[in-house]
Amino acid sequence: MLVAPTSKTIVFRCDAALFMGNGHLVRCLTLAKAYANVGFKSAFVCRNFDGHLGHVIKKDGHDLWLLPEPSTKTLASIASGGSYRHWLGADFEKDAEQTRAIIDKIGAARVVVDHYAIDEKWSKLAVPNGTPVLVIDDLANRKHVCDVLLDQNLGRQANDYDGLVPASSLRLIGPKYSVLKPEFARNRQASLARRADPELHNILVSMGGVDADNVTAQVFETLKDVMLPKGTKITAVLGPSAPHLHSVQTLAETMPYPCGVLKDVTDMASLMASSDLAIGAMGATSWERCCVGLPTLALSIADNQHGAALALEASGAGLLLGNSNDREWTEKLRFGIEKAKDPRILSSWSKCAATVCDGAGTERIIANLMPEFFE
């Protein structure tokens, strides 16, 4: 049974790191801002990984509790490509103990968990009895203790979590509940209007903030040999901690088309709204692109992204290039560019993308969690 919260703090347990990327943390930051709009403060509990982005958390005005650095042995297990359980950076019992100590100290109106290494065993140790828990997941492969389950993936069904969450849990499923920054909704109308008669002039390349496998460079090398319409400009986006940032910037200077590399972009919504086609990784950014009607030549950079990628292609929002580990995707990229040169196809992709996500997901989530603010 849930108890009335005595705290006004939302505790987030999530991580960012060079090996896992920034997506989990970024969407939690967006949700934290929405909580702030209804009077709650947020505290982030994160492991001290390389690339943890704690400075971003503090810059946004939230409290940060950094858990100790992982051991050399744990880092070796992560580097070897082991299971998600290593992604906590410690045994789940130890991580839960450390997190519980913080919760007991500061209190929690709700705990938000966004982590592939966390399941019901962790929650039973880390979360005080009666404290509401929101779990953000997109794997549907393990049990959770929660009163709310959020999975924003296209193609996911509520019954995918049968037996994995309590029967009483509220399940918020699909891109309708995508956690997007409000600027995407603000840019939506103008972005869709400019696509009424589309032409391929601006291509956005976005393979995640970290892009540890340097897929951006592979896209550049492929585009060198593709005949693009006259005046086409290519813009790639990487995070400031991307390990291949410098080499990508150097490669951009050799491209036969105007090509720029942006780092630490603060207004992705406007950049997407002004782009005509995205060559992008799957993940939460897929729903950002759909919100502004940006067609995508989509690439799965992790095995767990393939299902959503297939569903995105089936929606008509673009083409699936395949998995980044499969070299055949570069040939599909060439094919996709040729298709995108046809304004009719580009328009069709855009219209289909816009039906996937409208940008109001964060508000819907808060309305479900805090209905008293929407009466």
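Contact here means heavy atoms within 4.5 Å. By that rule, helix H8 (residues 245-252) lies across strands E9 and E10. The model is predicted.

- Six strands form an open sheet in the order E10-E9-E8-E11-E12-E13. Their pairing is parallel.
- Strand E10 (259-263) and strand E13 (318-323) are the edges. Each pairs on one side only.
- From one strand to the next, the twist averages 15 degrees.
- Strand E9 (residues 233-238) runs parallel to E10, and five bridges join them.
- Within this pair, isoleucine 234 stands opposite cysteine 259 of E10.
- Strands of a sheet pair through backbone hydrogen bonds, either parallel or antiparallel.

**Helices across the sheet**
- Helix H7 (residues 215-223) lies across strand E8 (202-206), E9, E10, strand E11 (277-281) and strand E12 (296-300). H7 runs at about 170 degrees to E9.
- Helix H8 runs at about 160 degrees to E10.

**Cysteines**
- A disulfide needs a pair of cysteine sulfur atoms within 2.5 Å. By this rule the model has zero disulfides.
- Cysteine 146 is in no disulfide, because the nearest cysteine sulfur, that of cysteine 28, is 14 Å away.
- Cysteine 146 is buried, at a relative accessible area of 6%.
- Cysteine 352 is in no disulfide either. For this residue the nearest cysteine sulfur belongs to cysteine 290, 9.8 Å away.
- Cysteine 352 is partly exposed, with a relative accessible area of 23%.

Note on methods:
Residues are numbered from 1 along each chain as its sequence is written. This is a predicted model: local features need pLDDT of at least 70, side-chain atom pairs count only at pLDDT 80 or more; totals for chains, interfaces and linings use all residues. Side-chain values use heavy atoms; hydrogens and water are left out. Buried means under 20% relative accessible area, exposed over 50%, partly exposed in between (1.4 Å probe, protein chains only). Two strands pair if DSSP finds at least two bridges between them. Helices (H or I, at least four residues) and strands (E, at least two) are DSSP runs, numbered from the N terminus. Axes are lines fitted to C-alpha atoms, for helices over the stretch in contact, and angles run from 0 to 180 degrees between N-to-C directions.
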